[in-house]
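This report goes through the spaces, cores and charged pairs of one model. Please keep the sequence and the 3D view at hand while reading.

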Amino acid sequence: MTSSQTSGTAPLVSIRGLSKSYGQHQVLKNIDLDVHEGEVVALLGSSGSGKTTLLRCINLLEIPDKGRIEIGGSAIFDTPAGAGRGAAVSQRQVNGLRSRVGMVFQHFNLFPHMSVLENVMEGPRTVLKENPATNRDRAMDYLGKVGMASFADRRPDKLSGGQKQRVSIARALNMRPQVMLFDEPTSALDPELVGEVLETMMSLAKEGMTMIVVTHELGFALEVASRVVFLDQGCIDADGPPADVLLHPTSDRVQSFVNRFHATAELMRPLLQNN
Amino acid sequence: MFDWSVIFQNTDLIVKGLGITIYYTVLTTVLGLVIGLVIAVAQICGFRFFNWAGRLFVEFFRNVPLLVWLLWSYYALPIFFGINISKQAAGIMALSLYGAAYYAEILRAGIQSLERGQSDAARALGMSGAQAMRRIILPQAFRRMIPPLAGQTIIQMKNTTLLSVITVPDLLYQAGYISSFTYRPMEIYTAIGVVFLLILIPSNYIARKLEGHN
Ligand SMILES: Nc1ncnc2c1ncn2[C@@H]1O[C@H](COP(=O)(O)OP(=O)(O)OP(=O)(O)O)[C@@H](O)[C@H]1O
Ligand SMILES: [Mg+2]
C-alpha cells in the first residue's frame, strides 16, 4: 500500500516493519515509510490512530518493539535477527542521532527558567558544546527568521501561544537538524494565532527542509505538503500526493475523515492562498 | 521562685552547645541532601533494582523512630559489624541518613511534578539523561522544592537534640549538664526552648516568604 516517492536517492528517513504496543494494545502495526530529502509529509489520521506514537518513535522518545529505523543512512533502531524485541543502538549514539532530528511539540515545551534566546541556544550549548558567540549569532538569525528576534530577552511565560511555538521552532532549527518533526503544532493555539505558525512552517518548507507534520489542518496538508500519509488504527491506509489522497479518496476512512474536516479546510484556504 | 541568674552564669556552656547544634544541623543537612538526591534519582532511574533499593531505603527510615535508629547506630553497629565508631560519627551518620530519606521524597516529588514535556524537549535536542537532569529538570524542580526543603531542615535542626542521648554535647546535653550542678532545670530548659524559638521562628518566616515567591 506504501507508494513512497521514488527520487533515485536514498531516503533520509527509512522505517521498516515498525511495531509498537502499549500492553495488549498494538498502536503501530508493521509500518513501512520512506521520507526523502525535501519532502513535506502531512501525517493525518483520526484521534488514537498512532500519529504521535509514530513521530515519537522516529527520534526514539518512544522505544519501538520491533522494526528498523534509519536516519540519513545510519540505523538508530534495529531488531536483531531472531530477537523478540528490538534494541536501540548505544545510548550515546542515540543522543547523537537524535540531535539530527528536530521536534516541535503541541504544547511547545519551552524551558521556563531560560530566556527565549537561552532556549534557542540550549541545544548547541549543552549537546554540541558549541562556541557561545557562534551559537548566539546563529540563534539570533533563527529568531529573526521566525520573527521573534525582538523577544530574545523575554521569558517564555510572557509570550502568546503562537510566539512560543515560533520560538520552539527556532530552538529545534538551531541544532541544524536534517529533518523536522511537528506534532500538531497549532492544535493548542487560539484560532487567530494559527496563521503565524503555519506561515513559519511554510517558509521552512520552501527552503527545502524535510518535514513530517502531524496536523488536523487539511488546508496546510493540501497547500504545503508534498505528500499525505493517512494512518488508521496503526496502519498506513493511504499515501500519496495531497490532492489525490484528500480530494479523490479511495479509502472510506479517508473519505469520512475529510468530510469531518471539510469546513476547517475551507476556512484555511483563503489564508493559505495569500502566501 | 525562679532564678534566671544561672543562665547568665553559664552562657559559655549554652553558646558551646548552640555551636554544636548548628554544626550538626548544617553538616547533616548537606550530607542528607546529597544522599537524598542519590536516593531520589535511584528511585526514578531506568533500573528496577535501583528503584527498588531506593524505595526500601526511604521506607526503612520513615518507619523507624529516629531515637531507636540513633541508639542502634551507636550501640549495635559496633557489635554487629565489629566497627568502632565515635559518637560523633554515629550521630552524623544516623541523622544524615534519616534526613536523606525525607529529602529524597521531597526531591523525587519535585522532579516528578515537572511535566513529561520538559524532559521530552531536552531529550529531543539530543541531551543525555544526565544533561537533561542537570540543565532542565533540576533547576526547575529545585525552585519548587525550596519551601519543603526548608521545612525539613527546620525539623532536622530540632532532631539534633536527640544527639544528647549518645552524649554529644549539643544544646540539650548542655542543659542537662548545667541542671545537674545548679539544680535549676526549669530555668535552663526554658532558656534552651527560647533559643530554638529565636532561631526557628525567623527561619520559618523566611521559608514561607520563599514559598510566596514561587
Ligand atoms: N504511554 C502510553 N501508554 C499507554 N497507551 C498509550 C500511550 N501513549 C499512547 N497510547 C495509546 O496509543 C494509541 C495511539 O496514541 P497516539 O497518541 O499515537 O494517537 P494519535 O494519533 O496521536 O492521536 P491524537 O490525534 O489524539 O493525538 C491511543 O489509543 C493511546 O491511548
Ligand atoms: Mg497525537
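## The second largest cavity

The lining of the second largest cavity has seven nonpolar, one polar and one charged residues. Here Ala, Val, Leu, Ile, Met, Phe, Trp, Tyr, Cys and Pro count as nonpolar, Asp, Glu, Lys and Arg as charged, and the others, Gly among them, as polar. A cavity is a set of points, on a 1 Å grid over the protein atoms alone, where a 1.4 Å probe fits but cannot get out, and lining residues have an atom within 4 Å of a point. The lining consists of A:Ile58, A:Asn59, A:Leu60, A:Ile71, A:Ile76, A:Val94, A:Leu97, A:Arg98 and A:Val101. With three residues, α2(A) gives the most to this lining. The space amounts to about 40 Å³, a volume being the space filled by probe spheres set on the points, which are joined across faces, edges and corners.

## About the model

The model is predicted, so local features need pLDDT of at least 70 and side-chain atom pairs count only at pLDDT 80 or more, while totals for chains, interfaces and linings use all residues. Residues are numbered from 1 along each chain as its sequence is written, chains are lettered from A and ligands numbered from 1 in the order in which they are written, and side-chain values use heavy atoms, with hydrogens and water left out.

## The largest cavity

The structure has three cavities of 30 Å³ or more. The largest cavity has a volume of about 80 Å³. Of its 13 lining residues, A:Gly102, A:Met103, A:Ala172, B:Ala124 and B:Leu125 lie nearest the centre. Two or more lining residues come from each of β7 (101-104) and α5 (161-173) of chain A and α6 of chain B; helices (H or I, at least four residues) and strands (E, at least two) are DSSP runs, numbered from the N terminus.

## The largest pocket

A pocket is an open set of grid points with protein on both sides within 12 Å along at least five of seven lines. The largest pocket holds about 920 Å³ of space. It is lined by 28 residues, and B:Ile44, B:Ser119, B:Asp120, B:Arg123 and B:Gly129 are the closest to its centre. The largest share of the lining, five residues, is from α7(B). By class, 14 lining residues are nonpolar, seven polar and seven charged.

## Nonpolar cores

A nonpolar core is a set of buried Ala, Val, Leu, Ile, Met, Phe, Trp, Tyr and Cys residues joined through side-chain atoms within 4.5 Å. Buried means under 20% relative accessible area, exposed over 50%, and partly exposed in between (1.4 Å probe, protein chains only). The largest core has 54 residues, and those touching the most other members include A:Ile15, A:Leu18 and A:Ile212. In this core α7(B) has the largest share, eight residues. Another core, of 51 residues, lies apart from it, with A:Ala42 and A:Met201 among its members.

## Salt bridges

A salt bridge is a side-chain nitrogen of Lys or Arg within 4 Å of a carboxyl oxygen of Asp or Glu. Over all chains there are 21 salt bridges.

In chain B, B:Glu105 and B:Arg108 form one at 3.0 Å, N to O. These two residues are three apart in helix α5 of chain B, and therefore about one helical turn separates them. B:Glu105 is buried, at 14% relative accessibility. Another salt bridge joins B:Glu187 and B:Arg184, with the closest N and O atoms 3.1 Å apart. B:Glu187 is buried at 2%, whereas B:Arg184 is partly exposed at 27%.
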